[in-house]
Amino acid sequence: MSALVNANVKLIARDEIAGDTVPAALFDPHWEPPLPTTRRVLTSWKHYIAVASQIVGRFHGQFRLSHFDYVHPTRLQPDTVRRLKRPYKVNVSYADWGPIDAPVMVCVGGVANVAMRFNYLASDLCDQHRLICMDWVGRGRSGWLADQGDYSLATYAEQLRQLIVHLRAGPVTVLGSSMGGSAAIELIAKHPKLVKQLILNDIGPHIPANRRRRRAQTLARHYVFREPADMLRRVGASQKNDGPVSDDIRFNLTFHQTRWSDEEGGRIYRHDVRALQAYRLSARRSLQQWTQWRHVHCPILLIHGLQSDALLPPTIERMVRGKQATIMHLPETGHAPLLADRNQIAFIREWLRGEHPPGTEWTALHAAPRERHPGTPIRFAPQSALA
């Protein structure tokens, strides 16, 4: 598979740390796609909440907000002295969409994502599937771990395992976006009977260290957004490569990634900064999961942003060898696609029905922008909407 080359492309050298990725074309990380709509200008938090009541309100009543107790084992507490180690419980939140008896798909996001990232995908698919969209520990509505060292890829794989066991739904389909896909690979390598199908959203068994370090530089900081414009600008910049999604879709994500803080006098990120600091430490090296990847034998849908700097063509070429893999390429999209586009969701639905066999590659063109928020706005305050 050859890489695209044009004026926006620069070449990267072999990975200096682990080195399984050959020199390949990489799009400029400062590139961003065109937006199909004009950016919204908000003048106050009152204005912001009025808009949120319409955009976020379109999903009101469509899902059930549920929880379970994740039990953090002692083996995943590396920085706690032995005499103080005890298993402890952390409340984990997830959105439950669709019929209880429908086929289950578990959706998990990236290092700084929340469950509501998948709202558009879940809303479109929940007529025939039950979608479970989970907040990682330290993010969204889920509780926080006791120590920074407890946040690790092994922890996320164990959290995913405990969620599937909690659901009692038998083998499930897992959709993992970015870090969520890495956790899914870890899980399947140890517990292959829990997962019957795997959807990897722009992620593979190798992520170059330079990409991970660049991402880590934008994380692990505490921000207080005292003006809506400042928040939308900063969060939007961090998501600039997710694809040419509309302002409404970006707004939905930024609303759920943040919460109002009376103490700070503004909105702050809804996550534990220590979780992102732990990621920054691990990002010093490339992520290598080729050993675990050898144990993944279930059908795979690989979603690839054609301008991604995390999932490179040489990685794709190596990872699909001998696998039951179908590939969906997404133009004008980097890392990681939001999967809110109706054409992308339609392809996922068809793949779940077995309509796109292994060994095939497809390009999903972007659908027309979704209609503006429908219906009558709901009444809510920032705190109660996320309670």
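1. The protein chain has twelve helices and 16 strands. Helices (H or I, at least four residues) and strands (E, at least two) are DSSP runs, numbered from the N terminus. This is a predicted model, in which local features need pLDDT of at least 70 and side-chain atom pairs count only at pLDDT 80 or more, while totals for chains, interfaces and linings use all residues. Residues are numbered from 1 along each chain as its sequence is written, and side-chain values use heavy atoms, with hydrogens and water left out.

2. Of the 387 residues in the protein chain, 57% count as buried. Buried means under 20% relative accessible area, exposed over 50%, and partly exposed in between (1.4 Å probe, protein chains only). For contacts in the protein chain between residues at least 6 apart in sequence, 78% join residues at least 24 apart. Contact here means heavy atoms within 4.5 Å.

3. In soluble globular proteins, nonpolar side chains tend to be buried together. The largest nonpolar core in this model has 56 residues. A nonpolar core is a set of buried Ala, Val, Leu, Ile, Met, Phe, Trp, Tyr and Cys residues joined through side-chain atoms within 4.5 Å. Val 106, Met 134, Leu 160, Leu 198, Leu 200 and Trp 293 have the most contacts inside the largest core. Helix 4 (residues 179-190) gives the most to this core, with six residues. A second, separate core of 50 residues includes Trp 45, Phe 59, Phe 255 and Ile 348.

4. Trp 293 deserves a separate entry. Leaving aside neighbours within four places in sequence, Trp 293 is in contact with Ile 185, Leu 198, Leu 200, Pro 205, Ile 300, Met 319 and Lys 323. Leu 198 and Leu 200 are also among the residues with the most contacts inside the largest core.

5. Glu 186 is placed in helix 4. Glu 186 counts as buried because its relative accessibility is 13%. Not counting residues up to four places away in sequence, Glu 186 touches Leu 153, Ala 157, Gln 289 and Gln 292. Of these, Ala 157 is 29 residues from Glu 186 in sequence and 6.0 Å away in space, C-alpha to C-alpha.

6. The structure holds 13 aromatic pairs. Rings of Phe, Tyr and Trp (its six-membered ring) pair if their centres lie within 6.5 Å; planes under 30 degrees apart count as stacked, over 60 as edge-to-face and the rest as tilted. One of the pairs, Trp 136 with Tyr 156, is tilted, at 5.2 Å centre to centre and 50° between the planes. This pair links distant parts of the chain: Trp 136 is in the loop between strand 6 (130-134) and helix 3 (153-167), and Tyr 156 is in helix 3, 20 residues apart. Both Trp 136 and Tyr 156 are buried.

7. Ring pairs also link Trp 45, Tyr 48, Phe 251, Phe 255 and Trp 260 into a cluster. Elsewhere, Arg 318 lies over the face of Trp 290, at 4.0 Å from the ring centre. The rule for a charge over a ring is NZ of Lys or CZ of Arg within 6 Å of the ring centre and within 35 degrees of the ring normal.

8. Thr 173 is in strand 7 (residues 172-177). Thr 173 counts as buried because its relative accessibility is 3%. The side chains of Thr 173 and Gln 197 are joined by a polar contact of 2.9 Å. A polar contact is a pair of N or O atoms within 3.5 Å; within protein, one must be able to donate a hydrogen and the other to accept it, and residues adjacent in sequence count only if both atoms are side-chain atoms. Apart from neighbours within four places in sequence, the contacts of Thr 173 include Val 104, Val 106, Ile 199 and Leu 352.

9. His 335 and Ala 336 are joined by a cis peptide bond, with omega about -5°. Ala 336 is in the loop between strand 15 (325-330) and helix 11 (342-352). Leu 339 lies in the loop between strand 15 and helix 11, and its phi is near 60°, a positive value in a residue other than glycine. Asp 202, in the loop between strand 8 (195-201) and strand 9 (206-207), has phi near 55°, also positive. Asp 202 counts as buried at 0% relative accessibility, and Leu 339 counts as buried at 1%.

10. The disulfide count is zero, a disulfide being a pair of cysteine sulfur atoms within 2.5 Å. For Cys 126, the nearest cysteine sulfur is that of Cys 133, 9.8 Å away. Cys 126 is buried at 16% relative accessibility, and Cys 298 is buried at 10%.
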